[in-house]
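Subject: A structure for you to explore

Hi there,

Here is the structure I promised to pass on to you. Please open it next to this email and look up the residues as you read.

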Amino acid sequence: MSKKRFYITTAIDYVNQKPHLGTAYEKIGADCMARYKRLCGFETHFVMGNDEHSTNVEREARKRDMEPLDYCRIMSEEFTGTWKKLNISYDDFIHTTEKRHEKAVSCLFTRIHENGYIYKGKYEGLYCESCEEFISEKDLVDGLCPSHKQAPKSISEENYFFALSKFEKPLLDHIEKNPGFIRPKTRANEVLNVIKSGLHDVSISRAGVAWGIPLPIDPGHVVYVWFDALTNYISALDYGGEESGAFEKYWPADFHVIGKDITRFHCVIWPSMLMAAGVELPKSVFAHGFISLAGEKMSKSRGNILDPAKMAAVFGADPLRYLLMREVPFDKDGDISVDILVNRYNADLANELGNLSSRTLAMISKYLGGNIDEAPFDSRNDLYEDLATALDGYRENMENLEFSRALGAFWTVIQRANRYIEEKSPWVLAKDESKKEELKAVFRELLAVLRSSAVVLSPFMPERMKELSGQLGQDGLSLDDLPPKSCAAVKISQPSPLFPRIQEDPEDIFKD
Ligand SMILES: [Zn+2]
């Protein structure tokens with residue numbers, strides 16, 4: 001039997017500005033899912049990348065008196081450097097200026113053309129260069145693009161068009177037959193409304209632009225940047241290129257993780273392109289919500305963009321990952337502030353999880369010399385039953401990328417375990433030699449919770465949970481082994497704290 005596989009992607013980013021917290025939020029969410037699937041034993045392929053063929057990118061490069069490609073290389077370092085600081089575990093990183101990508105775009109374009117879905121026509125209308133999108137008069141606010149507050153360019157050029165209108169019915173059928181194709185449900189409904197209001201053919205080339213991939217059928221044009229960018233999901237699998245077998249192995253993708261603002265491209269245009277080329281559609285597109293900061297949208301003009309690398313330096317990469325995923329449900333919008341993050345860090349990580357592990361391990365060391373012999377659990381162990389329930393809640397929500405709920409479900413047993421220590425008062429049991437077996441049983445249950453924590457929280461906090469595993473003297477536990485059937489302890493010593501309390505006033509944290 002072949003191994004079960006899982007292919008997950010994120011949106012690729014324009015490199016005309018540094019990655020911000022919103023971008024990081026998407027990558028962290030996808031990374032948690034990729035790590036979770038690896039934990040479940042899937043052969044996982046996680047792809048991220050940079051979108052380089054944008055007029056915005058070319059303009060930024062020229063502003064610096066640089067060649068676009070040189071600028072892209074520098075920005076690539078910037079992006080991958082940030083992802084490294086956030087413990088993002090992608091397996092491949094695609095740049096749209098790579099040869100393998102150009103090959104895939106040419107191949108996909110040619111197949112769609114051969115199948116009769118591309119024709120030459122004239123585009124007359126407006127184009128917002130910041131959106132890299134054709135925009136209609138009715139979408140303008142005071143004559144300006146509502147997202148960029150800038151006037152669109154008026155364009156009149158010969159273009160090649162993609163017959164998107166032909167896919168109205170097939171798309172509706174596909175979405176109806178595959179309820180999980182667009183997630184969450186609210187986004188699916190929005191997309192259905194867009195399709196039902198009628199699809200128009202779209203221009204997929206630009207004339208007189210040099211920065212891009214030349215059209216295979218007419219080198220005087222380049223491929224429109226969105227057509228180019230969307231293809232990254234298969235170019236990273238060598239579609240139309242090397243016979244690496246990656247495409248056959250991993251396509252169709254299990255999840256495209258994207259922001260809710262680009263569902264039209266991913267849930268309407270991309271599946272239509274694939275249908276036109278006779279390529280299977282991705283199984284699911286997951287559109288996450290946005291993070292706002294203290295009630296305000298983060299934007300350059302407001303000057304309230306949080307730098308994820310700087311935040312990772314303050315909280316630690318792992319705690320930052322946990323805090324974002326816990327605080328903002330992945331399928332919804334959510335508001336954060338430095339106050340909220342510091343409070344949650346101190347409550348969940350320093351007090352609840354951190355204390356649970358340091359108290360438990362310190363007491364095992366003090367009262368039992370760090371050793372407990374192995375014994376199986378039976379149904380009378382009530383904390384153990386709560387652990388099983390928490391694990392069920394965790395698994396169910398993780399499968400749906402509901403990270404906040406998954407963590408919430410698991411946290412019930414961490415809180416329960418802290419109360420359990422108070423109820424059982426090991427410090428009292430330890431004074432009575434006849435209660436030694438009872439004392440060991442209490443610690444076995446607490447250890448079961450900690451061992452489970454080190455596994456199920458590892459997609460969120462890979463390094464800290466590795467540290468916890470080390471303190472517990474465990475390795476090689478997989479999700480399938482949970483809850484553990486029995487527990488023992490060997491040479492446990494007083495550990496150093498996993499999550500030292502943050503003492504600073506949140507107001508002072510980001511002051512330089
Ligand atoms: Zn715009």
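Below is what I found, grouped by topic.

**Before you start**

This is a predicted model, where local features need pLDDT of at least 70, side-chain atom pairs count only at pLDDT 80 or more, and totals for chains, interfaces and linings use all residues. Residues are numbered from 1 along each chain as its sequence is written, and side-chain values use heavy atoms, with hydrogens and water left out.

**The zinc site**

Which protein atoms are the donors of the zinc ion? They are SG of Cys128, SG of Cys131, SG of Cys145 and ND1 of His148, at 2.1 to 2.3 Å from the metal. A donor here is an N, O or S atom within 2.8 Å of the metal (3.2 Å for Na, K and Ca); water is not among the atoms, so sites may look incomplete. Along the chain, the zinc donors follow the spacing C-x2-C-x13-C-x2-H.

The site is tetrahedral, with angles of 98 to 120 degrees among its 4 donor atoms. For orientation, the ideal angle for four tetrahedral donors is 109.5 degrees.

Is Cys145 buried or exposed? Cys145 is buried, because its relative accessible area is 1%. His148 has 32%, so it counts as partly exposed. The cut-offs are under 20% relative accessible area for buried, over 50% for exposed and anything in between for partly exposed (1.4 Å probe, protein chains only).

**Strands and how they pair**

A note on names: helices (H or I, at least four residues) and strands (E, at least two) are DSSP runs, numbered from the N terminus. Two strands pair if DSSP finds at least two bridges between them.

Strand β1 covers residues 5-10, and 5 of its 6 residues are buried, so the rest of the structure largely encloses it. β1 runs parallel to strand β3 (residues 43-51), paired over 5 bridges; Arg5 has Glu43 as its bridge partner in β3. β1 is also joined in parallel to strand β13 (residues 255-259) by 3 bridges, and here Thr10 has Val257 as its partner.

Elsewhere, 3 strands make an open antiparallel sheet in the order β10-β12-β11. Its edge strands, β10 (205-207) and β11 (214-215), each pair on one side only. β11 meets β12 (residues 218-223) over 2 antiparallel bridges, and Leu215 stands opposite Asp218 in β12.

**Nonpolar cores**

In soluble globular proteins, nonpolar side chains tend to be buried together. A nonpolar core here is a set of buried Ala, Val, Leu, Ile, Met, Phe, Trp, Tyr and Cys residues joined through side-chain atoms within 4.5 Å.

The largest core has 103 residues, and Met325, Phe410 and Leu457 have the most contacts inside it. Helix α13 (residues 338-368) gives this core its largest share, 12 residues. A second, separate core of 66 residues includes Ile94, Phe181, Ala277 and Val279.

Setting aside neighbours within four places in sequence, Leu457 is in contact (heavy atoms within 4.5 Å) with Leu353, Leu407, Phe410, Trp411, Ile414 and Met465.

**Aromatic pairs**

How many aromatic pairs does the structure hold? There are 27. Rings of Phe, Tyr and Trp (its six-membered ring) pair if their centres lie within 6.5 Å; planes under 30 degrees apart count as stacked, over 60 as edge-to-face and the rest as tilted.

Another tilted pair is Tyr322 with Trp411, at 5.0 Å and 35 degrees. This pair links distant parts of the chain, since Tyr322 sits in helix α12 (residues 317-327) and Trp411 in helix α15 (residues 403-424), 89 residues apart. Tyr322 counts as buried because its relative accessibility is 0%, and Trp411 does so at 2%.

Cys40 lies in the loop between α1 (21-39) and β3. Cys40 and Ser478 are 438 residues apart in sequence, yet 7.4 Å apart in space, C-alpha to C-alpha.

Gln471 belongs to helix α18 (residues 462-472). Its relative accessible area is 16%, so Gln471 is buried.

Enjoy exploring!

Key:
Tetrahedral: all angles 85-135°; square planar, octahedral: opposite > 155°, others 65-115°.
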